[in-house]
Amino acid sequence: MKTLASMASGLCLVLCSLGSAQSHSHGTMIGALRPTSMVVWTRASGPADVTALYNRQPTIDGARETAPIAADPARDFTAHIELKELEPDTTYYIATKIIDPLRPSSYTVGPFCTARTPPVPSQPAAVEFLVSADVLYQAEFDMFDLMRADKNSAFYVSLGDMPYADGSMSQAEYWERHKQVRSHAAWLAFTQRFPVLAVWDDHEVVNDWDKSTNPQLVGWGTKAFRDYMPLPIGAKEIYRTVRWGAAVELFLLDTRSHRDVSRSPSVPGKTMLGATQLEWLKKALLASDATFKILCTSVPLRYGNTGMDDWRGFVHERRELLQFILQHDIRNVLAITGDNHIVSVHHHIEGVREFMIGPLAQDLRPEQPGGAQVRFRAGEKNYARVRVDTTQTPATLTFEYRGRMGPIYSETIRAETPARARVSTDEPAGDVFLSGPMFLTDRNSSANLLRVEPGHYRVSFAPRSEFAARPAALELDVLPGTSLAVAAAWRETPAPRVLLAKTFDEPLSGHLVVDDTNAVNQPSSWVTDGGILHQASPIGDTSRTTASLRNGTSILFDGSNTWDDYSVSVRMKSHDRGRLGVLFRVQDARHHYRFFVDTENNLWRLDRRDGDSYVTLAERPEAFLSHNFYDVRCVARGSDLTVYVDGFRALSATDSSFATGTVGLQTANVDLAAFDDLVVTTDTEPLTAANLVFRDDFTDGRVKPWQPEDHTNTNGPSRWVEAGGALLQLTDIGGVNTNDPLPAPGSVCLLTQPVPDDVQLSAMMLSLSDGAFGVVFRYKDAGNHYRFTWHRRERYRALQKVVANAWTDLWRQPAEFNRLERYEIRIEAVADRLRLWVSGELLADVVDGSHTSGSLGIYTWKGRGTYVDSFTVQKPARELPTLAALTDASSSVLHGAAPGSADLPYVIALSLGDTPGVPLSLFTPSDPRTLSLVPDDLFIASLAPNPLWTDLQGIVAASGRIEAKINWPKTNVMRGTRIFASGWTGYFPKRPVQDLLPKLVLIAP
């Protein structure tokens, strides 16, 4: 034995006794890691006794050997062996020994595997590990070779769908699917190096496995999984925790065994985890003192592409879990999810980050557009490397996606005391973005971001339609444990009266749900989650005709039957085919006007329901893409009825049947519909762009006033046409990059009419290609202009300039667009300042004076199937003041941005009243910004010299910044009191104010 051991090389030793009856058939795996134990798995080629040899060196000399266990046909000759009494934080070399039970001297020893035991929970040890999901046995396994090259990772986490056993009809067939995966050489080599921590998803049994699945299939599939994975021996459940020192605790969840029927309505009590597992998870999270707590769930928390099969079908349980984490202040929780065959990063308002991974060895799934909390998406086969660094203070966790070509995306989380953030505006007119360590966005007028990581943030705003002004962006450092409050205003004049506003941040109230009596798949399921109203039941009828939306479900809101002239705005989308719409001037569920979209038949319709009678008032053939949010505004003014979609007039009619009524929403035959930001106001004015220079919604069927210009002949010429309310480019024109990634010559379509030198342009764009799209501005010729380009193939987006044919990147970011998603590209060029927004997010803010004037246009490179469905040119919007406060236990530091008042005096005043800080004497009677005020003691005190308030009077800096401080009294008298801060800028009191600072609500600490 010693002679053979000395002849063996390094880490691999194979000993074969003459005439051995059985051998290893599918390698060896290590799992169920604990500081003093682990589980060894192997499979014999037939009946055998199996032992494990383990040592601290890769040699048989001195190795310990376990007692033999039988590998028999009942477990398909697999064996699980537990190694006990190990040393924590120690690397072991393990080999399995297959023994002929009839001839004990006849045996085979397999190659050594390596595994490291975790440190004890009190040890602050750094760690790296690998994660992925989705392994099809027929797919290429080269990604396992890439992961095997990682020398520092301690283990591998599989989040399910390994193997794909769908279609198996016997226990033997389920076993065979596992053996097919384990026959790949790349897998066998990988498991020699990395222990495997595995959970299952659906394909280990059958697609979308739940409580309704054939129990015999479930039994076969789950037994095969247990037989072929190194799970803890004797455990009745597969959900468990794995701890690695003080740094990390993994919570491996079972999202299949206890779940209710996924397609059933998402009502309270519907469960994915089951009551026992959910309670176990809560207690385990609460008890954990690990720095980072990682939820490993096989299906996404939000923004998946599998409909009701992921957590969107179980929103009540998800809310219960996330609220539990918030209420108990459980910090540094993140989720790693799989199943969707796409890279996707989500920053949720509850403060939990979600990293969606996979596929590792499976086909990519078509990209689905994201939501408000989606940070990054890309379609590429991938795995993740997670690195926890305990040498830094605070400790950090870095999550890095990797593909065949290397890194795809990386993000680092710091283990700091979190902060909170509240943002309020004077009307629900636009989107709020918080960009920094976390990227959080909210489309509500009152955003409540429950937990944010401290660091340097930029608060910015983007309108949903054209405005004459917008709140100024503000940059500030958010400190650990502080509370951030931001107030901003969209209008220089008072906003229209808001009759009803539903942001769906809270559970539903003030409503009536009416399910049509003839509808199938009842009941409906109207639920709120994450600031979204979902209808999560396919309630409807079996008809696929365009006759009407007769059977479905409606939700009517408690407005007023006396409302007459008003507009109702809502964002809505469908996650699948079906019909959904908006009800207005609602008398009851059977008497109202309705705008609906029929995604089955690509139809938009405005109609009137009067009892059982439906009258079509207007309609148009039009697609309504699934997974895209559309902004819908229905305006009723006298007998004039108008519907706007994404700011453009879609339908109009005249009808006087209903003069008053409330509002509602409706769906039919949709598995999952989503609504957000329902707002009813007295504003019935047509949507018109402020400072409008030019607009084209491409509905007149002609390309003029556009002029194509091709920069290459490759795959050309271009073909720009108008069709269906969009400008399309229908060829793959695009030359080879001569200096990758520039210049990427393609085609532009230029606006021929004059535009201002200082300009703001907005284009709604979608591309079905694998190439690039974008816009050009200040265009003089092909060798002199600015360009925004977004390359899918090269996976980047950039703001670029070309001067005398020499190209330069002014700004660049790795990113990959989704082929099914519409993006709003917004460019603002004022003097030498160039700013870029994509779908409301400010991405670039640069200074460059190379070009001061020129035309505007659309750009494509190998972009066949690029759509532009609106193009708007305006004079640049004015920036209105923004006011923010960072409050800790003793003081509040006020920050302001007032670009229009640079170098002017400012005053901030405090009040206990709801409308503070603006005494009427400062305004002329004609000033539209005049606010009512009953001054109180706090207001009077804040204007006088007082040690509690410092720097409340000062000068706005040249950059437009304001800074002041409140030193809160060291007393409990004011604790928890709502304080209102506001103020004004300008030369006062003899002249009207220059800018009015928005109202900011503070909570006295």
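Strand 3 pairs with strand 7 (residues 78-83) in the antiparallel sense over 6 bridges, where helices (H or I, at least four residues) and strands (E, at least two) are DSSP runs numbered from the N terminus, and two strands pair if DSSP finds at least two bridges between them. The model is predicted, so that local features need pLDDT of at least 70 and side-chain atom pairs count only at pLDDT 80 or more, while totals for chains, interfaces and linings use all residues. Residues are numbered from 1 along each chain as its sequence is written, and side-chain values use heavy atoms, with hydrogens and water left out.

Strand 3 also pairs in the antiparallel sense with strand 2 (residues 24-34), again over 6 bridges, and a hairpin joins strand 2 to strand 3 through 2 residues. Within strand 3, T42 is the bridge partner of T28 and stands opposite A79 in strand 7. Because 8 of the 8 residues of strand 3 (residues 37-44) are buried, the strand is largely enclosed by the rest of the structure; buried denotes under 20% relative accessible area, exposed over 50%, and partly exposed in between (1.4 Å probe, protein chains only). S37, V39, W41 and R43 point one way from the strand, whereas M38, V40, T42 and A44 point the other way, and all are buried.

E453, in the loop between strand 27 (446-452) and strand 28 (455-463), counts as buried because its relative accessibility is 6%. The side chains of E453 and R353 are joined by a polar contact of 2.3 Å, a polar contact being a pair of N or O atoms within 3.5 Å; within protein, one must be able to donate a hydrogen and the other to accept it, and residues adjacent in sequence count only if both atoms are side-chain atoms. Leaving aside neighbours within four places in sequence, E453 is in contact with R353, T412, I413, R414, P437 and M438, contact meaning heavy atoms within 4.5 Å.
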